[in-house]
Amino acid sequence: MICYRQEVSIENVCATCCYKVEPGDPNPLFLEEAGRVLRAGGTVAFPTETVYGLGADATNPAAISRIFAAKGRPLDNPLIVHIADWHQIDMLTLKAPPALYELGRRFWPGPLTLVVPRHPDVPPEVSAGLPTVAVRWPAHPVAEALIRAAGVPLAAPSANRSGKPSPTNAEHVKQDLEGMIDVILDGGPTGVGVESTVLDLTRTPPMILRPGGVTREMLEEVLGPVDTAAGLENETDPPPSPGMKYRHYAPDSPLVLLEGEPREMVEQARRVLGRVHAEGRRAGLLGSREMLEELPSGDGGPDFRCSLGSREDLEQVAANLYQALRLTDEMRLDLVLVESFPERGIGAAIMNRLRRAAFR
Ligand code: TXA
Ligand code: MG
């Protein structure tokens, strides 16, 4: 069933077709059409288990440039190449380290991206000229079926305008990219909610460039100790990953990260709210259900509150995070207070994104 086809008459603005697909049983006609668009050098947004991606043929430099143009992405920020078959590894790297196969067998398909030496035939545009390429096999039936329908690996960053929170449903993709891309496959909300872990296998020991759904603890079970780039953003030039130098996941209003024990965060929030209200301004609060119970709205409380789920369920918090950041934009607040979460498991990814969203 076709969700809709928007007719746009303005010259040079393309229409974006949106197809609704059942995640467990995507309509083969829509996949075939999206595959045809990709082979012809077009762009297709699609769901993965983490966030929506904006895909193009990773072997076609002109197609890759359309991704950068649609997103407004800096040209020096490389893309992840998505595969759905072990044979596609050989198209992307000549020197796959053994760790790629060890990790791949354990975590693929899944939210893990591995940086390896780039095959000379892979267009340098994919990797912004770096000698490496980032590879991931996503665990989503629509993503896997699309890669197979296209018949080529797909370069795909998150399907948001550069600097905005990544999209966790097709509506977010439309908000940011409608009219600038060819097709959206709407497979409903994504699961993990934050982007994949990026692990650089060209370093010894391997280095986590971005924390995500596959946690440090899980990687170390397979590899032994790994490094992390956390905190190295301003320490090395260039930074370990080009993406680290850009402010990401940014809501429109300034974001203040509350820190400390839950009780201290509540006290800190009350102090900031007092100051903000004394100046006649409006502040919102993003936090756990438990924190929201401590800080009801009205009577000096937050002017807008959004629950991320229980503090005890960090997976749920991760799944709700980007939707909540986008909601705060709609509320046009002067300031947004956000709770901090423990940095264990997926909490490391949550805090990595919040710190970067809070950075001005
Ligand atoms: O979950 C995900 O990874 C999603 C879905 C769509 O797969 N994709 C995603 O892509 O988040 P993107 O482009 O938004 O983030 C890719 C990150 C950036 O921080 C980029 O700098 C880094 O990966 N990266 C890509 N290639 C790299 C390379 N060769 N070396 C170092 N970092 C790289
Ligand atoms: Mg992104």
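**Exercise 1.** Which strands each supply at least two residues of the shell around ligand 1?

*Solution.* First, some ground rules: this is a predicted model, in which local features need pLDDT of at least 70 and side-chain atom pairs count only at pLDDT 80 or more, while totals for chains, interfaces and linings use all residues. Residues are numbered from 1 along each chain as its sequence is written, chains are lettered from A and ligands numbered from 1 in the order in which they are written, and side-chain values use heavy atoms, leaving out hydrogens and water.

Helices (H or I, at least four residues) and strands (E, at least two) are DSSP runs, numbered from the N terminus. The strands to find are β5 (80-82), β7 (132-136) and β11 (207-210). Of the shell, β7 gives the largest share, three residues.

**Exercise 2.** Describe the surroundings of ligand 1.

*Solution.* Step one is the count: 26 residues surround ligand 1, where a residue is near if one of its heavy atoms lies within 4 Å. The closest are Thr 50, Asn 77, His 82, Ser 196 and Arg 210.

Step two is the class: 13 are nonpolar, nine polar and four charged. Here Ala, Val, Leu, Ile, Met, Phe, Trp, Tyr, Cys and Pro count as nonpolar, Asp, Glu, Lys and Arg as charged, and the others, Gly among them, as polar.

Step three looks at polar contacts, pairs of N or O atoms within 3.5 Å. An oxygen atom of ligand 1 is 2.5 Å from a side-chain N or O atom of Ser 196; for Thr 50 the distance is 2.7 Å, and for Ser 158 it is 2.9 Å. The protein covers 97% of the 680 Å² of accessible area that ligand 1 has on its own, by the Shrake-Rupley method with a 1.4 Å probe.

**Exercise 3.** In what order do the four strands of the open sheet lie?

*Solution.* Follow the pairs; two strands pair if DSSP finds at least two bridges between them. The order is β13-β16-β14-β15, with parallel pairing. The edge strands, β13 (255-257) and β15 (304-307), each pair on one side only. Three bridges join β13 to β16 (residues 335-338), and Leu 257 in this pair stands opposite Val 338.

Technical notes
A polar contact is a pair of N or O atoms within 3.5 Å; within protein, one must be able to donate a hydrogen and the other to accept it, and residues adjacent in sequence count only if both atoms are side-chain atoms.
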